[in-house]
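Please look over the sequence and the structure before reading on.

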Amino acid sequence: MSESWPAITMQVNGENRTVRVPPMKRLLDVLREDLHLTGAKEGCGEGECGSCSVRMDGELVNSCLVPALQAEGAEIQTVEGLASNGVLHPLQESFLACGGAQCGICTPGMLMAAAQLIERNPHPSMEEIREGLAGNLCRCTGFMRIFESVLEAATQTGKSQAEQAHHAR
Amino acid sequence: MRGNCEAHELIAPGSLPAVLELLAAEPGVWTPIAGGTEIMVAHAAGRLIASKLVSLWGIRDLRFIEMADQGVAIGAGTTFIDLRRHAGLCESWPLLARAASWIGSIANQSRATLGGNLVNGSPAADSSPALLVYDAEIELISVRGSRRVPYRAFHTGYKRNVLEKDELVYALHMPRRFSEHRQYLRKVGTRRAMAISKVALAGTALVKHGTIHEIRLGAASLAAFPTRLYETEKAVLGKPVTRETIAAAREALLAEAAPIDDIRSTAEYRKRVAANLVEEFLLEAGREGPQL
């Protein structure tokens with residue numbers, strides 16, 4: 001940590017974190033090297049593969065294309081922030097259940113892209129899932145199991161919401 | 001070779017006036033960076049020459065969509081996600097909303113801005129054909145004031161434009177007078193998602209009783225910058241949509257298009273496909289009944 005660089009503060013997975021880094025340092029490198037959050041991966045380093053996907057102020061971004069200074073004051077959610085209190089996110093459960101992860105390199109990005117999709121569109125069609133995940137490349141699964149995992153999570157979430165509504169009556 | 005982040009200065013003055021002051025104080029020294037989807041890629045590859053960058057990200061004065069009776073004003077810092085989600089824009093300027101939804105991936109659309117797409121000036125820019133056929137005006141701003149230029153006159157050469165060294169793109173303006181027009185947009189690339197176009201064509205045409213009363217054609221990847229196809233327009237203006245008119249349009253397009261061979265396609269392919277796109281648009285435009 002160099003004193004000569006500006007202090008940049010962002011809220012990462014709900015916690016305020018301050019780093020002193022070159023303003024052009026990539027958010028991906030800040031997360032991995034300075035904050036030791038190694039979930040987001042570097043694939044292509046040019047916004048084509050999506051393996052570095054995180055959410056910034058509620059939108060999906062490629063963290064390899066975000067200079068650290070532009071994350072000042074932002075809310076960042078990484079794959080480490082998806083589970084809460086030791087309970088996996090429904091997407092994480094469905095990726096496990098449906099075989100949505102193989103080698104695992106693309107998985108954190110896939111999960112973040114899927115989380116973004118489902119938050120805005122809780123019941124996506126297969127076509128919408130394909131579009132939402134089009135910026136995330138996987139070289140193992142052939143994608144079908146990933147799409148099925150997302151569909152399953154959306155269906156399960158819908159079911160549990162319906163059950164809750166039923167019990168609340 | 002990879003870029004070195006310590007070799008580039010980046011500052012964020014945080015407001016439009018502060019950025020304009022900086023550009024005026026040191027013209028040509030500071031390179032604006034908005035969503036970084038172009039500049040950060042160059043940086044990653046060690047191709048970023050600019051050593052001083054000024055951030056436009058998060059400046060509220062640049063991110064707006066203002067609808068009015070006469071038209072719409074879109075701030076240069078508006079992202080493509082903003083554009084495709086905007087109901088009014090989807091309804092009245094559907095070609096631009098559709099183009100926005102085709103740019104890269106969701107993660108790219110969340111960051112890439114309309115102003116950035118235009119200033120970057122790629123011949124293949126996705127938003128350009130739609131702006132050309134909607135007769136958009138581009139508003140430029142500096143400490144000296146603001147001025148408006150027809151978007152069709154903004155690009156002056158490969159990656160060159162009319163911006164002065166102290167100017168920023170402030171907004172795009174589109175008139176609201178295309179509701180009666182037939183509208184068309186098609187992008188041809190290697191695959192549906194994440195592909196840079198080999199060629200793209202947009203069109204708006206006012207067709208009455210089978211005759212073309214007004215037409216605008218805007219193309220990407222047919223010249224050194226996105227451009228209107230004036231000669232092709234002339235070849236069909238005032239004519240009925242017939243086989244002969246379509247043949248004349250194809251001929252004019254093949255004569256005026258000046259594409260190149262590059263990694264994405266060949267000049268020959270681009271010309272032939274562009275001619276097919278023009279034909280498709282004219283056939284659709286000539287059909288009676290409600291449009292798409």
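## Helix H3 of chain A

The model is predicted.

H3(A) is mostly covered, with twelve of its 14 residues buried. The buried stretch of H3(A) is made up of Thr107(A), Pro108(A), Gly109(A), Met110(A), Leu111(A), Met112(A), Ala113(A), Ala114(A), Ala115(A), Gln116(A), Leu117(A) and Ile118(A). Apart from neighbours within four places in sequence, Ala114(A) is in contact with Leu91(A), Gly132(A), Leu133(A) and Val150(A).

## The largest nonpolar core

The largest nonpolar core has 137 residues. The members that touch the most other members are Ala114(A), Leu96(B), Leu201(B), Ala274(B) and Val278(B). Of these, Ala114(A) is one of the buried residues of H3(A), and Leu96(B) is among the buried residues of helix H5 (residues 94-102) of chain B.

## Domains of chain A

Chain A is divided into domain 1 (7-81) and domain 2 (90-168). Their C-alpha centres lie 22 Å apart. Domain 1 of chain A brings 13 residues to the contact, and domain 2 of chain A brings eleven residues.

On the side of domain 1 of chain A that touches domain 2 of chain A, strand S3 (residues 53-56) of chain A gives the largest share, three residues. By class, that side of domain 1 of chain A has six nonpolar, five polar and two charged residues.

## Chain B overall

The secondary structure of chain B comes to eleven helices and 14 strands. Its domain assignment gives domain 1 (5-55), domain 2 (60-175) and domain 3 (182-286). The C-alpha centres of domain 1 of chain B and domain 3 of chain B are separated by 36 Å.

How does the radius of gyration of chain B fit a compact globule of 292 residues? Such a globule would have a radius of gyration near 19 Å, and chain B has 19 Å, so the two agree. Along the principal axes, the C-alpha atoms of chain B fill a box of roughly 60 × 45 × 30 Å. Buried residues make up 51% of the 292 residues in chain B. Among contacts in chain B between residues at least 6 apart in sequence, 62% join residues at least 24 apart.

## Helix H5 of chain B

Which residues of helix H5 (residues 94-102) of chain B are buried? They are Leu95(B), Leu96(B), Ala97(B), Ala99(B), Ala100(B) and Trp102(B). The buried residues of H5(B) pack against helix H3 (80-85), helix H4 (87-92), H6, helix H8 (128-133), strand S11 (182-188) and strand S12 (199-208) of chain B. After H5(B) comes Gly104(B), with a positive phi near 45 degrees.

## Contact between the chains

Chain B gives 23 residues to the contact and chain A gives 26 residues. On the side of chain B that touches chain A, helix H2 (39-44) and helix H6 (106-109) of chain B each supply at least two residues. H2(B) provides the largest share of that side, four residues. By class, the side of chain B that touches chain A has twelve nonpolar, nine polar and two charged residues.

Key:
Residues numbered from 1 in each chain as written. Chains lettered and ligands numbered in written order. Predicted model: local features only at pLDDT ≥ 70, side-chain atom pairs only at ≥ 80, totals over all residues. Buried ≥ 20, exposed ≤ 12 C-beta atoms within 10 Å, placed from the backbone. Domains from an automatic or database assignment. Contact = placed C-beta atoms within 7 Å. Nonpolar A, V, L, I, M, F, W, Y, C, P; charged D, E, K, R; others polar. Core = buried A, V, L, I, M, F, W, Y, C linked by C-beta atoms within 7 Å. Rg over C-alpha atoms; globule rule 2.2 N^0.38 Å.
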